[in-house]
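Take a walk through this chain, one region at a time. Keep the viewer open as you read.

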Amino acid sequence: MQISEFPKLEKKTVTIKGWVTNKRTSKGLVFLIIRDGSGFTQCVIDEGIVKPDIFEAARNLHQESAVECTGVVVKDEKQIEGYEFQVTNMNVISIAENYPITNKPHGVEFLIDHRHLWLRSRRQWAIMRIRNQIIYSIHSFFQEQGFVQMDAPILTGNACEGTSTLFSCDFYDSKAYLTQSGQLYGEAMAMAMGKIYTFGPTFRAEKSKTRRHLSEFWMIEPEMAFYDNDMNMDLIESFIKRLINDVNEKCKNEFSMLNRDTAIFENIINKKFPRIPYNEAVKIIRGEIAVNGKTTIEILNQELIKTTGRISEINKEISEKEAELKAPGIKLGKQNFIQNKIDKLKNELKELEEEERNIPQWLESAKNFEYGNDLGGSDETVLTMLFDTPVMIYNWPNHIKAFYMKRDETNQELAKGVDVLAPEGYGEIVGGGQRETNIDLLIQKINEHELPMEAFEWYLDLRRYGSVPHSGFGLGLERMVAWICKLKHIRETIPFPRMYGLLTP
Ligand code: 4AD
Ligand code: MG
């Protein structure tokens with residue numbers, strides 16, 4: 001049986017198999033927190049109930065030892081998920097000693113080096129479950145609407161999103177690249193099927209460590225024949241609403257493990273997403289236009305005051321706790337408890353201090369933002385602080401977007417692209433738009449971007465034979481998971497992250 005099935009098994013005697021994540025002993029009792037992959041539960045081993053050798057074995061168990069326990073499922077509101085497991089028999093499957101990840105706070109460098117083990121921790125468990133739900137909902141959403149999933153190749157002969165982030169490899173003595181996006185192939189497949197989506201790994205050689213960039217990430221790319229960019233934006237909005245609705249319904253337990261306040265989800269499900277043309281977004285970023293009565297400059301100044309206030313609170317708390325540690329005769333247990341708290345506070349302090357340093361820089365760069373520039377990470381953060389739903393920025397300057405993007409018929413300077421920025425400071429999660437159908441303009445753009453024409457001949461065929469208006473977009477799965485879980489860094493959103501300087505485990 002699985003721990004997740006406990007609500008159906010009240011008062012029944014069942015057997016579970018799992019791993020010890022925590023152990024506490026008191027007189028005549030051992031409490032084990034067991035995880036079995038499906039969930040977590042507290043097992044109670046009572047000296048008065050089990051055989052003496054079993055009690056002794058339980059007392060000696062270490063974190064991550066594997067056990068098989070037989071016992072009774074008991075309802076208890078105070079316990080994890082409302083149940084407790086009263087053990088009648090136990091069989092030790094394997095003993096683990098000195099498990100490297102303890103219940104003390106660890107530095108993230110250490111944890112990332114132990115990613116193969118870190119995945120077992122409760123927080124990672126919750127994130128991976130949410131990721132799984134999002135993947136499930138993505139397929140459901142598109143399949144229900146008649147989209148066909150088709151896979152784009154991973155080895156390609158041409159760039160899609162500019163040549164600066166290509167990973168290259170040897171392909172039988174000629175050069176191949178790992179795909180940056182399935183889009184160009186998606187366009188070909190949409191001309192065969194009408195509405196398709198690709199969902200596969202994509203690669204970008206980003207030679208910098210940021211909290212939003214992975215070298216290998218999963219992208220969902222729908223492509224629709226006969227769609228203009230307005231229809232595209234309608235689809236994006238209903239798609240994101242569906243994902244939020246599903247996680248909100250199905251992942252309550254996971255969000256509470258992550259301390260993720262989900263109040264914003266109701267907003268997102270019910271409110272229309274603002275659609276803002278790029279030129280207006282520029283004015284908002286610079287603080288020239290207020291949104292809901294506030295400008296970016298005001299919001300940033302408030303944030304700075306809040307951050308500074310919290311920093312001095314934490315500093316005070318730390319020195320109080322450090323004084324407590326020096327009290328004469330303090331017990332070891334209490335000492336560890338306090339030290340744990342101090343370590344946690346210090347971690348929080350580090351993050352706040354970074355923010356305190358960042359905010360003035362964000363302010364400067366927002367005020368001086370120039371029309372025609374692409375939005376940087378901090379500009380996106382600043383802009384999205386003003387909203388409590390995702391926002392769609394459309395009608396971008398032509399020159400900062402990819403070669404395939406459709407030029408606006410009424411303004412040659414603009415491209416019919418759309419970026420969706422997630423609220424709460426997260427920034428871009430979707431990039432997409434309408435595709436250029438004018439073959440002469442496309443050829444001109446391919447030349448301007450200095451892309452090899454021969455690699456794009458097949459793509460130009462799509463304009464030669466049965467060309468129709470079409471649009472699509474790409475959602476970065478890990479960016480979505482990071483925002484939905486409200487994580488500080490994208491590295492926790494994928495089982496084994498690949499980033500600049502990170503290839504193992
Ligand atoms: O904006 P991008 O580059 O758009 C495309 O690739 C289009 N061809 C998509 C399309 O229209 N079919 O990337 C799309 C999304 C971004 O909005 C972001 O969510 C994610 O992919 N993304 C990354 N995620 C993690 N790490 C990176 N290095 C990413 N680069 C892009
Ligand atoms: Mg983009």
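Helix α11 spans residues 332–367, and helix α12 spans residues 377–384. The two pack with their axes 9 Å apart, at an angle of about 90 degrees. Angles from 65 to 115 degrees count as roughly perpendicular, so α11 and α12 are roughly perpendicular to each other. On the α11 side, W362, S365 and A366 make the contact. On the α12 side, S378, D379, T381 and V382 take part. Keep in mind that this is a predicted model.

R212 itself sits in the loop between β10 (195–203) and β11 (216–225). Is R212 buried or exposed? Its relative accessibility is 12%. Buried means under 20%, so R212 counts as buried.

With E380, the side chain of R212 forms a polar contact of 3.0 Å.

Step back to the domains. The domain assignment gives domain 1 as 3–94 and domain 3 as 299–363. Domain 2 comes in two segments, 116–274 and 387–493. How far apart are the C-alpha centres of domain 2 and domain 3? They lie 38 Å apart.

Three strands form an open sheet in the order β7-β9-β8, and the pairing is antiparallel. The edge strands are β7 (155–156) and β8 (168–171), each of which pairs on one side only. Strands of a sheet pair through backbone hydrogen bonds. Between β8 and β9 (residues 174–178), four bridges join the antiparallel strands.

Finish at an asparagine in a loop. N259 lies between α7 (252–257) and α8 (263–270). Is N259 buried or exposed? Its relative accessible area is 70%. The cut-off for exposed is over 50%, so N259 is exposed. Now trace from N259 to Y83. They are 176 residues apart along the chain. Their C-alpha atoms are separated by 21 Å.

Definitions and conventions: Residues are numbered from 1 along each chain as its sequence is written. Chains are lettered from A and ligands numbered from 1 in the order in which they are written. This is a predicted model: local features need pLDDT of at least 70, side-chain atom pairs count only at pLDDT 80 or more; totals for chains, interfaces and linings use all residues. Side-chain values use heavy atoms; hydrogens and water are left out. Buried means under 20% relative accessible area, exposed over 50%, partly exposed in between (1.4 Å probe, protein chains only). A polar contact is a pair of N or O atoms within 3.5 Å; within protein, one must be able to donate a hydrogen and the other to accept it, and residues adjacent in sequence count only if both atoms are side-chain atoms. Domain bounds come from an automatic or database domain assignment. Two strands pair if DSSP finds at least two bridges between them. Axes are lines fitted to C-alpha atoms, for helices over the stretch in contact, and angles run from 0 to 180 degrees between N-to-C directions. Angles under 35 degrees count as roughly parallel, over 145 as roughly antiparallel, 65 to 115 as roughly perpendicular and the rest as oblique. Contact means heavy atoms within 4.5 Å.
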